[in-house]
Amino acid sequence: MREIILVAGTPASGKTSFGDYLRDKKHYLHVDIEAFHGSYFHSVWDAAVRAGDVSLFLNALEERSAHSVLSWGFHPDDVEIVADLKRAGVKLWWFDADEARARERFVARGGGSINAFEAQLKRIKDSRKKIEELFQPNILTTLKPDNGSMTFPQIFDLVRRSG
């Protein structure tokens with residue numbers, strides 16, 4: 001039986017790093033939807049989205065691995081694609097983060113526009129109700145305002161216990 005997890009959330013909340021952790025430590029196939037342009041999975045993703053049938057993409061993942069994790073800081077306009085993934089059996093997890101901590105982490109890692117970061121935060125706030133309805137109860141605060149953060153083993157334990 002396949003296990004596919006989608007990790008979405010606040011920019012710089014640890015989505016991609018958690019996917020890398022699962023790849024490196026738990027032998028998951030990690031597909032970063034924001035960085036897979038030009039790959040085999042990107043072409044399958046595009047075809048599946050155009051056809052309105054995410055099972056095409058999920059079947060391609062399953063052919064490669066029984067355990068996969070998708071990391072995606074999706075645009076809230078794509079919430080229906082996420083809902084389709086959920087209906088197809090993908091386990092959804094939302095990584096929330098204290099905005100100030102996420103902003104610091106985003107700036108420190110470089111390579112991205114702070115304006116794009118701020119625009120995504122605004123889109124998330126504007127779509128918060130839809131996001132919460134879709135991801136409940138799997139919403140975690142990975143970066144806390146008190147400088148605390150969840151470890152990847154802690155997160156993985158919660159994901160495993162959720163079934």
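1. The K15 side chain comes to 2.9 Å from the backbone oxygen of T10, a polar contact (N or O atoms within 3.5 Å, one able to donate a hydrogen and the other to accept it; residues adjacent in sequence count only if both atoms are side-chain atoms). K15 sits in helix 1 (residues 15–26). Helices are DSSP runs of H or I, at least four residues; strands are runs of E, at least two; both are numbered from the N terminus.

2. This is a predicted model: local features need pLDDT of at least 70, side-chain atom pairs pLDDT 80 or more, while totals for chains, interfaces and linings use all residues. Residues are numbered from 1 along each chain, and side-chain values use heavy atoms, without hydrogens and water.

3. K15 is buried but has no salt bridge. Buried means under 20% relative accessible area, exposed over 50%, partly exposed in between (1.4 Å probe, protein chains only). A salt bridge needs a Lys or Arg side-chain nitrogen within 4 Å of an Asp or Glu carboxyl oxygen. E34, the nearest side chain of opposite charge, is 5.1 Å away.

4. Beyond four places in sequence, K15 has contacts (heavy atoms within 4.5 Å) that include V7, A8 and G9. Strand 1 is buried at seven of its seven residues. E3, I5, V7 and G9 lie on one side, I4, L6 and A8 on the other.

5. Strand 1 pairs (at least two DSSP bridges) in parallel with strand 3 (residues 67–71) over five bridges. I5 has V69 as its bridge partner there. Five bridges also join strand 1 to strand 4, again parallel, with A8 opposite W94.

6. In helix 7 (residues 128–135), I131, L134 and F135 are buried. K129 and E133 are exposed on the other side. Strand 1 is among the elements covering the buried residues.

Definitions and conventions:
Lys and Arg count as positive and Asp and Glu as negative; His and the chain ends are not counted.
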